[in-house]
Amino acid sequence: MTSLLNSLSRPARRRPGLTYPEVGVTRTPEALPEGYHHLRHSAVVGHGRAAFEAAGAAVTTWRMHRASGAGVHADADRAEPGVRLEVSLGAGPLRFGVPCSVIWTAYEEDRTGFAYGTLTGHAECGEESFVVTLEPDGAVRFTVTAFSRPATWYTRLAGPVVPRLQHAYARRLGRTLARLVRT
């Protein structure tokens with residue numbers, strides 16, 4: 001009740017909106033929209049049901065992102081559609097945060113993950129998904145799928161550097177998730 005009263009006493013804050021029209025496309029990523037940079041990265045991060053469950057929990061509770069060095073401030077402890085979050089990289093005054101919103105989630109027997117989309121104020125516009133699957137042979141596969149394009153002058157100026165950085169970050173997430181699954 002106290003939190004409800006506190007939220008009623010604060011002035012309403014307009015939440016930023018999504019910055020792209022192709023919302024939810026990463027759920028079935030075979031055909032990503034034209035006019036964007038595409039990212040597809042996949043890595044085996046473990047083997048067996050226990051590894052799948054550990055990986056799925058690390059992905060959907062932001063643990064993987066945080067263990068990779070990103071800051072995450074989210075409306076909720078777990079990914080659910082509509083949860084707003086800010087993902088940040090860097091340190092101190094050089095920390096750079098970007099606003100996102102969870103678009104879809106998958107909490108299935110052999111597939112767990114989510115996608116977030118960019119909100120007003122993000123340096124890029126597009127969507128990115130983080131999915132863990134338990135393959136028929138027992139391999140636990142982590143896949144990052146994204147489509148994005150520059151939304152600011154400085155990301156346009158950076159040109160091909162941004163997609164390379166995004167791919168490097170996806171590889172880092174995979175290595176981090178494999179380490180988290182082993183511990």
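Reader: Why is Glu 80 called partly exposed?

Author: This is a predicted model, and the label rests on a computed value. Glu 80 has a relative accessible area of 32%, and because partly exposed covers what falls between under 20% for buried and over 50% for exposed, Glu 80 counts as partly exposed.

Reader: What makes the contact between Glu 80 and Arg 78 a salt bridge?

Author: The side chains of Glu 80 and Arg 78 meet at 3.9 Å, N to O, and a salt bridge needs a side-chain nitrogen of Lys or Arg within 4 Å of a carboxyl oxygen of Asp or Glu, so the pair qualifies. Arg 78, with 38% relative accessibility, also counts as partly exposed.

Reader: How many salt bridges does a search of the whole structure find, and which residue pairs with Arg 49?

Author: The search finds 3 salt bridges, and in one of them the side chain of Arg 49 meets that of Asp 110 at 2.8 Å, N to O. This pair links distant parts of the chain, with Arg 49 in helix 2 and Asp 110 in the loop between strand 4 and strand 5, 61 residues apart.

Reader: Why is Arg 111 called buried, and which residue forms a salt bridge with Arg 111?

Author: The relative accessible area of Arg 111 is 18%, and because buried means under 20%, the word applies to Arg 111. Its partner is Glu 108, the closest N and O atoms being 3.5 Å apart, and Glu 108 is partly exposed, with a relative accessible area of 42%. Arg 111 is also among the residues that line the second largest pocket, which holds about 190 Å³ of space.

Reader: Which residues lie nearest the centre of the largest pocket, and what classes make up its lining?

Author: Leu 89, Val 98, His 122, Glu 124 and Gln 166 lie nearest the centre of the largest pocket, which is lined by 24 residues and holds about 650 Å³ of space. By class, the lining divides into 12 nonpolar, 9 polar and 3 charged residues.

Methods:
Residues are numbered from 1 along each chain as its sequence is written. This is a predicted model: local features need pLDDT of at least 70, side-chain atom pairs count only at pLDDT 80 or more; totals for chains, interfaces and linings use all residues. Side-chain values use heavy atoms; hydrogens and water are left out. On a 1 Å grid over the protein atoms alone, a cavity is a set of points where a 1.4 Å probe fits but cannot get out, and a pocket is an open set with protein on both sides within 12 Å along at least five of seven lines; lining residues have an atom within 4 Å of a point. Grid points are joined across faces, edges and corners, and a volume is the space filled by probe spheres set on the points. Ala, Val, Leu, Ile, Met, Phe, Trp, Tyr, Cys and Pro count as nonpolar, Asp, Glu, Lys and Arg as charged, and the others, Gly among them, as polar. Helices (H or I, at least four residues) and strands (E, at least two) are DSSP runs, numbered from the N terminus. Buried means under 20% relative accessible area, exposed over 50%, partly exposed in between (1.4 Å probe, protein chains only).
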